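User: I would like to learn how to read the main features of a model like this one. Please give me the general idea each time, and then the case at hand.

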Amino acid sequence: QLQLVESGGGLVQLGGSLRLSCGASRGSLDNNAIAWFRQVPGKEREGISCINSSGRRTDYADSVKGRFTISRDNAKNTVYLHLNSLRPEDTATYYCATIGHSSCSTMRPSQYIYWGQGTQVTVSS
């Protein structure tokens, strides 16, 4: 059973950047597509990006396209989410999750099996 761990969140100013990391405290990410989600209190969890197991295919929600970049380093068992040009509306708890197979067939949260505990990103204006 995979155990995912996010890190890299923090407080950043408008227009700033962060790099989030998603690793596994148990198990390997190699054969798994990994997606990033975010959630603010009172709102539904939003799928924002996904990368397939090889790293050759990536998907983005319109809300982050052109500003966020997902990547992975399978040698380090880590998936990254680079957040650039941050806005106050990007403030949320960010989660990584895996759907349990190699492709990004969906970014619907209900389809994802293993989740990390989340890391908070706060963008100040």
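Analyst: Start with the terms for a sheet. Two strands pair if DSSP finds at least two bridges between them. Strands are DSSP runs of E with at least two residues, helices are runs of H or I with at least four, and both are numbered from the N terminus. The model is predicted: local features need pLDDT of at least 70 and side-chain atom pairs count only at pLDDT 80 or more, while totals for chains, interfaces and linings use all residues. Residues are numbered from 1 along each chain as its sequence is written, and side-chain values use heavy atoms, with hydrogens and water left out.

User: In which order do the four strands of the open sheet lie, and is the pairing parallel or antiparallel?

Analyst: Strands of a sheet pair through backbone hydrogen bonds, in either a parallel or an antiparallel sense. Here the order is S1-S3-S8-S7, and the pairing is antiparallel. Strands S1 (3-7) and S7 (68-73) are at the edges; each has a single partner strand, so one side of each lacks a neighbour in the sheet. From one strand to the next, the twist averages 20° (axes are lines fitted to C-alpha atoms, for helices over the stretch in contact, and angles run from 0 to 180 degrees between N-to-C directions).

User: How many bridges join S7 and S8?

Analyst: S7 and S8 (residues 78-83) pair in the antiparallel sense over six bridges.

User: Which residues of S7 lie on the covered face, and which on the uncovered one?

Analyst: In a regular strand the side chains alternate between the two faces of the sheet. In S7, Phe 68, Ile 70 and Arg 72 make up the covered face, whereas Thr 69, Ser 71 and Asp 73 make up the uncovered one.

User: How many aromatic pairs are there?

Analyst: A pair of aromatic rings is described by the distance of the centres and the angle of the planes. Rings of Phe, Tyr and Trp (its six-membered ring) pair if their centres lie within 6.5 Å; planes under 30 degrees apart are stacked, over 60 edge-to-face and the rest tilted. The count is four aromatic pairs. In one of them, the ring centres of Phe 37 and Tyr 112 are 5.0 Å apart and the planes stand at 75°, so the pair is edge-to-face. Phe 37 is in strand S4 (residues 34-39) and Tyr 112 is in the loop between strands S9 (92-98) and S10 (114-115), so the pair ties together parts 75 residues apart in sequence.

User: Is Phe 37 buried or exposed?

Analyst: Buried means under 20% relative accessible area, exposed over 50%, and partly exposed in between, with a 1.4 Å probe and protein chains only. Phe 37 is buried at 0%, and Tyr 112 is buried at 5%. Another edge-to-face pair joins Tyr 95 and Trp 115, with 6.3 Å centre to centre and 80° between the planes. Tyr 95 is in S9 and Trp 115 in S10, so this pair ties together parts 20 residues apart in sequence. Tyr 95 is buried at 14%, whereas Trp 115 is partly exposed at 26%. Ring pairs link Phe 37, Tyr 95, Tyr 112 and Trp 115 into a cluster.

User: Over which ring faces does Arg 45 lie?

Analyst: A charge sits over a ring if NZ of Lys or CZ of Arg is within 6 Å of the ring centre and within 35 degrees of the ring normal. Arg 45 lies over the face of Tyr 95, at 3.9 Å from the ring centre, and over that of Trp 115, at 4.7 Å.

User: How many salt bridges does the structure hold?

Analyst: A salt bridge is a side-chain nitrogen of Lys or Arg within 4 Å of a carboxyl oxygen of Asp or Glu. The structure holds five, including Arg 38 with Glu 46 at 2.9 Å, N to O. Arg 38 is buried at 7%, while Glu 46 is partly exposed at 28%. Lys 65 meets Asp 62 at 3.3 Å, and Asp 62 is exposed at 66%. In the bridge of Arg 67 with Asp 90, the closest N and O atoms are 2.7 Å apart. That pair links distant parts of the chain, 23 residues apart: Arg 67 is in the loop between strand S6 (58-60) and S7, and Asp 90 in the loop between S8 and S9. Both ends are buried, Arg 67 at 6% and Asp 90 at 0%. Arg 38, Glu 46, Arg 67 and Asp 90 are linked in a network of salt bridges.
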